[in-house]
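Student: I would like to learn how to read the features of a model such as this one. Could we take them one at a time, with the general idea before the case?

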Amino acid sequence: MKINLHRPVFTTMADGSEACLHVHEVIGDGDGPTVGISAVIHGNEPTGAQIILELSRLLADLPLRGRLLILPVANPWAFAVNHRFTPIDELNLNRLFPGEPGGWFSDLLAQAIAREFLEKIDVHIDLHSGTDRPTVDYVYLLNDEGLSRSFGSKVLYRPKEGLTGTTYSGTTKSVTVDARGIPAAVIELGGGIVDQGPYVERGVAGVLNMLRYLGVVADDPAPPPSQIVVHSIALIRPGQGGFLETSAPPLGEEIAGGATLGRVFSPYTFDQLEEITNPVQNGIMILSHLSRNLVQPGDYGYMVGDLAGAERS
Ligand SMILES: [Zn+2]
């Protein structure tokens, strides 16, 4: 096995530094697909980069077929300041793929990622997480049922259509993942003011199992646990800012319609400002706040999957 670190430069910043990507190329010993693994397309979702760091420590001793291209920090400028959007232009990188020539800095970054990463891979595994407030736990089921299931999460989400400008869907001029018809899975795991260790451990085990499913790692993949595929997810945002205290069940557990998800309290007056209830008749917890967290009105509060019409296996 051989590991190369490529640092393609795509522009010069105003402070004189060169803007580059960090792409690790791991070349296995036999024939197989090129699997792309990326994280931190949103700068405040660092759990994926932690998963990749731990994974990289295992790779040296792991016989591989095919090749891995690993982009551990897709948006370093947003990552450095723990911000969802690129601080230079305040744009969401994951709505701009494959990038616009002559566009904003985030467009140039999207173009570089498309050219140096997305166009060179045969399979895409994209790691997202909650931020330093909410914690999340589900997997997008896009175009390869077995690949998404092999990560091993309990809850999966089959969206009707992809969001425009993501690595998966791109735009109408897209050369990104879906238009090329390559298998793709988007993982949402971890985040929050809680120990990320268990999520990192699950992430490493999950990605390794996907690599077994793809034949890149030799052993047979572990069969997925019993899983629930939801077709719609309610995103519930607090209308008031303050401290959010959760009373919802843990992630992956069911919640009845009308049950209390959490309450917002004022740290100033100590009054309860809001009670947030579950709008889904029969729901399953997908995103939550696991500690007493500061929220602004309109932040990500909770995500509840709709169990009506869900597929169980
Ligand atoms: Zn994200």
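Tutor: We can begin with burial: Ser148 is buried, because its relative accessible area is 1%, where buried means under 20%, exposed over 50% and partly exposed in between, with a 1.4 Å probe and protein chains only. This is a predicted model, in which local features need pLDDT of at least 70 and side-chain atom pairs count only at pLDDT 80 or more, while totals for chains, interfaces and linings use all residues. Residues are numbered from 1 along each chain as its sequence is written, and side-chain values use heavy atoms, with hydrogens and water left out.

Student: Where is Ser148 found, and with which residues is Ser148 in contact?

Tutor: Ser148 belongs to helix H4, residues 145-150; helices (H or I, at least four residues) and strands (E, at least two) are DSSP runs, numbered from the N terminus. Contact means heavy atoms within 4.5 Å, and once neighbours within four places in sequence are left aside, Ser148 is in contact with Val139, Tyr140, Leu141, Leu142, Leu156, Ala184 and Ala185. With Tyr140 there is also a close approach of polar atoms, since a polar contact is a pair of N or O atoms within 3.5 Å, where within protein one must be able to donate a hydrogen and the other to accept it, and residues adjacent in sequence count only if both atoms are side-chain atoms. Here a polar atom of the Ser148 side chain lies 2.8 Å from the backbone oxygen of Tyr140.

Student: Is Ser150 buried or exposed?

Tutor: Ser150, which is also placed in helix H4, is buried, with a relative accessible area of 6%. Not counting residues up to four places away in sequence, Ser150 touches Gly206, Asn209, Met210 and Tyr213.

Student: How should I read a pocket, and how much space lies in the largest pocket?

Tutor: Rolling a probe the size of a water molecule over the atoms shows where empty space is left. On a 1 Å grid over the protein atoms alone, a cavity is a set of points where a 1.4 Å probe fits but cannot get out, whereas a pocket is an open set with protein on both sides within 12 Å along at least five of seven lines, and lining residues have an atom within 4 Å of a point. Grid points are joined across faces, edges and corners, and a volume is the space filled by probe spheres set on the points. In this structure the largest pocket holds about 870 Å³ of space, and of the 41 residues that line it, the closest to its centre are Arg84, Tyr138, Tyr140, Glu188 and Tyr300. Strand S8 (135-141) is one of the strands that each supply at least two residues of this lining, and S8 gives the most, with three residues.

Student: Why does the largest pocket lie between domain 1 and domain 2?

Tutor: Both domain 1 (2-225) and domain 2 (231-312) give residues to the lining, so the largest pocket lies between them; the bounds come from an automatic or database domain assignment. The centres of domain 1 and domain 2, taken over C-alpha atoms, are separated by 27 Å, and 16 residues of domain 1 are in contact with 17 residues of domain 2.

Student: Which classes of residue make up the lining of the largest pocket, and of the second largest pocket?

Tutor: Ala, Val, Leu, Ile, Met, Phe, Trp, Tyr, Cys and Pro count as nonpolar, Asp, Glu, Lys and Arg as charged, and the others, Gly among them, as polar. The lining of the largest pocket has 17 nonpolar, 14 polar and ten charged residues, while that of the second largest pocket has nine nonpolar, two polar and no charged residues. The second largest pocket holds about 170 Å³ of space, and its lining takes its largest share, five residues, from H1; His24, Leu53 and Pro72 are among the lining residues.

Student: What should I look for in the backbone?

Tutor: Most residues other than glycine have a negative phi, and most peptide bonds are trans. Here the peptide bond from Phe97 to Pro98 is cis, with omega near 5°, and Pro98 sits in the loop between helix H2 (76-80) and helix H3 (105-116). Asn82, placed in the loop between H2 and H3, has a positive phi near 50° and is partly exposed, at 37% relative accessible area. Glu90, found in the loop between H2 and H3, has a positive phi near 60° and counts as partly exposed at 45%.
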